[in-house]
There are 2 protein chains.
Amino acid sequence: MSVSSTPSSPRYPGADRDARPDVSTIEDVLHGAGYRSTRPRRTIIETILDQAHPFTPEHLLAAVHRADPSLGRATVYRTLEILGALDVLTRVVVAEGHSAYVVGLPGHRHHLVCSGCGAAVPFTACPVDHLMAELSRTTNFAIQSHVLQFIGVCPACQPTP
Amino acid sequence: MSVSSTPSSPRYPGADRDARPDVSTIEDVLHGAGYRSTRPRRTIIETILDQAHPFTPEHLLAAVHRADPSLGRATVYRTLEILGALDVLTRVVVAEGHSAYVVGLPGHRHHLVCSGCGAAVPFTACPVDHLMAELSRTTNFAIQSHVLQFIGVCPACQPTP
DNA sequence: ACAACGAATGATACTACGTCTCAGTTATGT
DNA sequence: ACATAACTGAGACGTAGTATCATTCGTTGT
Ligand SMILES: [Mn+2]
Ligand SMILES: [Mn+2]
Ligand SMILES: [Zn+2]
Ligand SMILES: [Zn+2]
């Protein structure tokens with residue numbers, strides 16, 4: 001879905017642009033927000049960082065269970081909710097009415113998603129400013145965020161002619 | 001979600017821009033696609049056209065049952081699926097990970113959605129062409145569609161200062 | 001008007017995904 | 001080490017959506 005509140009983005013202290021966060025960086029974010037650092041959460045974060053593509057909660061739960069079958073379902077859902085609220089994870093629309101999580105990167109991003117394999121390519125360009133100002137003026141809405149993304153077929157998923 | 005395949009939009013023969021379709025217009029669309037015209041479907045379409053805001057399947061089911069409690073749940077879901085596939089209905093993202101249906105209008109549209117009351121204001125401006133071409137070139141994706149929308153608070157839902 | 005046929009329907013059972021509760025465990029500050 | 005609150009996993013539960021299937025209904029050809 002990539003609802004990006006215009007001024008907000010995950011805070012990775014000192015992270016390079018385009019660098020994916022690592023486990024301890026995300027744990028620092030949790031800490032900073034008053035959450036504790038636990039073994040189940042570490043396992044979940046490690047599993048998240050293993051994902052090459054956007055993932056659903058169910059998909060992640062299965063992957064987590066491969067690492068630790070005793071880790072509770074509720075813990076996975078609870079952790080996803082927290083990481084989503086902290087903007088460590090954001091959402092992309094992968095099909096009409098279906099969204100999935102991706103690891104957030106610093107800065108304002110949107111995604112180009114492959115409808116074949118599910119790959120999500122982030123990009124930073126965002127041509128909505130002028131339109132947003134115009135809509136604010138004409139409708140008197142207080143605009144909070146926007147959703148922008150492209151769906152297509154990546155080179156690897158295109159039929160060879 | 002408003003995944004608008006760039007060249008596609010609902011085909012309402014002779015409809016004015018900005019005119020909402022009526023029941024028989026939508027029935028014509030069904031007919032044209034080889035579907036039959038039935039009383040349950042008419043009830044569902046009437047109920048859809050009564051909705052002032054984007055609606056979920058559950059919300060619609062409840063509204064349909066107010067009109068005809070004997071109308072089957074499966075029929076409502078099946079009809080929504082058909083109308084979605086025919087682009088009579090499209091989806092808007094109403095919150096992180098949640099989308100709802102709106103009646104499609106002719107032409108290429110996106111929406112500005114109120115996070116308070118759920119109102120969806122359509123607009124036709126779409127500033128993505130240049131970016132889309134650039135992304136096609138740099139990534140070699142075959143881009144099929146895009147999602148663009150704004151979320152904010154409508155004038156009526158804004159706190160009075 | 002009628003018959004024939006496939007499409008569509010609604011009841012019901014079922015599944016998948018997510019939530020809630022709660023007793024026991026663990027991280028954290030002192 | 002202790003006290004405390006946060007966190008956990010088990011399992012019951014709820015809800016939204018799907019599958020099945022016998023019956024009904026819309027459409028088409030006569
Ligand atoms: Mn943007
Ligand atoms: Mn557009
Ligand atoms: Zn692909
Ligand atoms: Zn509003």
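Buried means under 20% relative accessible area, exposed means over 50%, and partly exposed is in between (1.4 Å probe, protein chains only). Keep that at hand for the exercises below.

This is a predicted model, where local features need pLDDT of at least 70 and side-chain atom pairs count only at pLDDT 80 or more, while totals for chains, interfaces and linings use all residues. Residues are numbered from 1 along each chain as its sequence is written, chains are lettered from A and ligands numbered from 1 in the order in which they are written, and side-chain values use heavy atoms, with hydrogens and water left out.

**Exercise 1.** Find which residues coordinate the manganese ion (ligand 2), and whether His146(B) is buried or exposed.

*Step 1.* Strands (E, at least two residues) and helices (H or I, at least four) are DSSP runs numbered from the N terminus.

*Step 2.* His146(B) is buried, at a relative accessible area of 1%, whereas His108(B) is partly exposed, at 22%.

**Exercise 2.** Work out which element gives the most residues to the surface near DNA strand D.

*Step 1.* A residue is near the strand if one of its heavy atoms lies within 4 Å of it. There are 19 such residues, and among those that come nearest are Arg36(A) and Tyr77(B).

*Step 2.* Check two contacts: a polar side-chain atom of Arg78(A) is 2.9 Å from a base nitrogen of DNA strand D, and one of His31(B) is 3.3 Å from a phosphate oxygen.

*Step 3.* Elements giving two or more residues include α2 (39–50) of chain A and α3 (57–67) of chain B. The most come from α4(A), with three residues.

**Exercise 3.** Find which rings Arg91(A) and Arg91(B) lie over.

*Step 1.* A charge sits over a ring if NZ of Lys or CZ of Arg is within 6 Å of the ring centre and within 35 degrees of the ring normal.

*Step 2.* Arg91(A) has its charged end over Tyr101(A), 4.3 Å from the ring centre. Arg91(B) lies over the face of Tyr101(B), at 4.3 Å from the ring centre.

Note on methods: A polar contact is a pair of N or O atoms within 3.5 Å; within protein, one must be able to donate a hydrogen and the other to accept it, and residues adjacent in sequence count only if both atoms are side-chain atoms.
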